[in-house]
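Subject: Structure for you to look through

Dear colleague,

Please find the structure below, with the sequence beside it. Once you have turned it around a few times, read on for an account of what was found in it.

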Amino acid sequence: MSKAHALPLIENKPAVPKEFNKIARRYDLATFLNQGYSEDLRLSAKRMGLRGDERVLDLCCGTGKSTRACLEALPNGQVVGVDFSEGMLSVARENLLATYGERVSFQLQDAMALDFPDESFDAIYMAYGIRNMSDAEACLRQLYRLLKPGGQVCFHEYSLAERWYARPYWWVLGYGFVVPFCTVLTGTSRIFRYLIKSVDRFLRPTAFVQALERTGFVRASAQPLPFWRAPILHTFRAYKPEHPPAAGK
Ligand SMILES: C[S@@+](CC[C@H](N)C(=O)[O-])C[C@H]1O[C@@H](n2cnc3c(N)ncnc32)[C@H](O)[C@@H]1O
């Protein structure tokens, strides 16, 4: 076993995409059985309030469920899906290219080292992605660079509400249902045990909003998803100013 593999994933986030390779062919089944998964992605995409003709980056697009949510919110727009797992991307291509043609494209890239020119996108959507970054604030700075002035960033992410019961609720849900159920479906538990821990350690909504503001985003907000997801899952939105301060100011 290599040293990197011996490390728990929570200490080795760059290894997360490789772990997704192993479950890529079962990911859609596992999420299909998760009540509301696609509906929630559509709701967060709808909350962006897009005009419908924008160019959007779907970062950490996985098998394309979040990409589809963006495309549905954009009848005349384009979506570029980026992920660092070749396995997940190949399922995304199979799922979407035939239906959406030139409106969608996919690229294999590391979200911590994105290779796009400044101001490439009108909006950026990142569903279940920012929590996986080895340095979330460094990633936010890249997203700021990639957005056009006035552009919007939207995160759909597990972030435990500032309520005493949110953490025990997540543990029961995670270790009682998600880990056993998804392990049976995919044949591996490593990525799901990581999921539970990474959510536990991720920033609470107020702290993530503050991180967005520190990066220079304005009008940052957090909104819970409905029903039983409200204590654990949020849509975060923020904007790059129309007139960003000059670099270094
Ligand atoms: C939970 S999946 C979410 C997929 C999709 N957004 C959805 O909502 O169904 C997380 C994805 O993040 C990708 N990922 C993790 N770290 C990454 C990185 N550094 N760069 C790009 N993608 C990454 C994984 O490969 C995986 O496909």
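The secondary structure of the protein chain comes to 9 helices and 7 strands; please keep in mind throughout that this is a predicted model. The radius of gyration of the chain is 17 Å, close to the 18 Å that the globule rule gives for 249 residues, so the chain is as compact as a globular protein of that length. If you draw the principal axes through the C-alpha trace, the spans along them are about 50 × 45 × 40 Å.

Of the 249 residues, 54% count as buried, and the accessible surface of the chain comes to about 11,800 Å², of which 56% belongs to carbon and sulfur atoms. Among the contacts between residues at least 6 apart in sequence, 73% join residues that are at least 24 apart. As for charge, the chain carries 32 positive and 25 negative side chains, and the centres of these two sets lie 5 Å apart.

Next come the aromatic rings. A pair of aromatic rings is described by the distance of the centres and the angle of the planes. The count for this chain comes to 12 aromatic pairs. In one of them, the rings of Phe20 and Tyr27 have their centres 6.1 Å apart and their planes at 65°, and since edge-to-face requires an angle over 60 degrees, the pair is edge-to-face. Both partners are on the buried side of the 20% cut-off, with a relative accessible area of 19% for Phe20 and 16% for Tyr27.

Phe208 and Phe236 form another edge-to-face pair, at 4.8 Å centre to centre and with 80° between the planes. This pair links distant parts of the chain, as Phe208 belongs to helix H9 (residues 205-215) and Phe236 to strand E7 (residues 233-239), 28 residues apart. Phe208 counts as buried at 1% relative accessibility, and Phe236 is buried too, with a relative accessible area of 0%.

Which of its residues are buried? They are Ala136, Cys139, Leu140, Gln142, Leu143, Tyr144 and Leu146. What covers these buried residues includes strand E1 (55-59), strand E4 (121-127), strand E5 (147-158) and helix H9, the helix that also holds Phe208.

Val82 lies in strand E2 (residues 78-83) and counts as buried at 0% relative accessibility. Leaving out residues up to four places away in sequence, Val82 touches Leu57, Asp58, Leu59, Cys60, Cys61, Gln107, Gln109, Leu114 and Phe116. The C-alpha atoms of Val82 and Gly62, which are 20 residues apart along the chain, are separated by 8.0 Å. Ser198, in helix H8 (residues 190-201), counts as buried at 1% relative accessibility, and with the residues up to four places away again left aside, Ser198 touches Ile10 and Arg131.

The backbone angles deserve a careful look as well. Most residues other than glycine have a negative phi, and most peptide bonds are trans. Cys60, one of the residues that Val82 touches, has a phi near 65°, a positive value in a residue other than glycine. Cys60 lies in the loop between strand E1 and helix H4 (65-72), and with a relative accessible area of 18% Cys60 is buried. Phe227 likewise has a positive phi, near 60°, and is a residue other than glycine. The place of Phe227 is in the loop between strand E6 (218-224) and strand E7, where Phe227 counts as exposed at 69% relative accessibility.

Finally, is Gly101 buried or partly exposed? Gly101 is found in the loop between helix H5 (86-100) and strand E3 (104-108), and at 33% relative accessibility Gly101 counts as partly exposed. From Gly101 to Gly150 there are 49 residues in sequence and 28 Å in space, C-alpha to C-alpha.

Definitions and conventions: Residues numbered from 1 in each chain as written. Predicted model: local features only at pLDDT ≥ 70, side-chain atom pairs only at ≥ 80, totals over all residues. Heavy atoms only, no water. Helix = DSSP H or I, 4+ residues; strand = E, 2+ residues; numbered from the N terminus. Rg over C-alpha atoms; globule rule 2.2 N^0.38 Å. Buried < 20%, exposed > 50% of the residue type's maximum accessible area, 1.4 Å probe, protein only. Contact = heavy atoms within 4.5 Å. Areas by Shrake-Rupley, 256 points an atom, 1.4 Å probe, with all protein chains shown as cover. Lys, Arg positive; Asp, Glu negative; His and termini not counted. Charge placed at Lys NZ, Arg CZ, Asp CG, Glu CD. Phe/Tyr/Trp six-rings, centres within 6.5 Å; stacked < 30°, edge-to-face > 60°.
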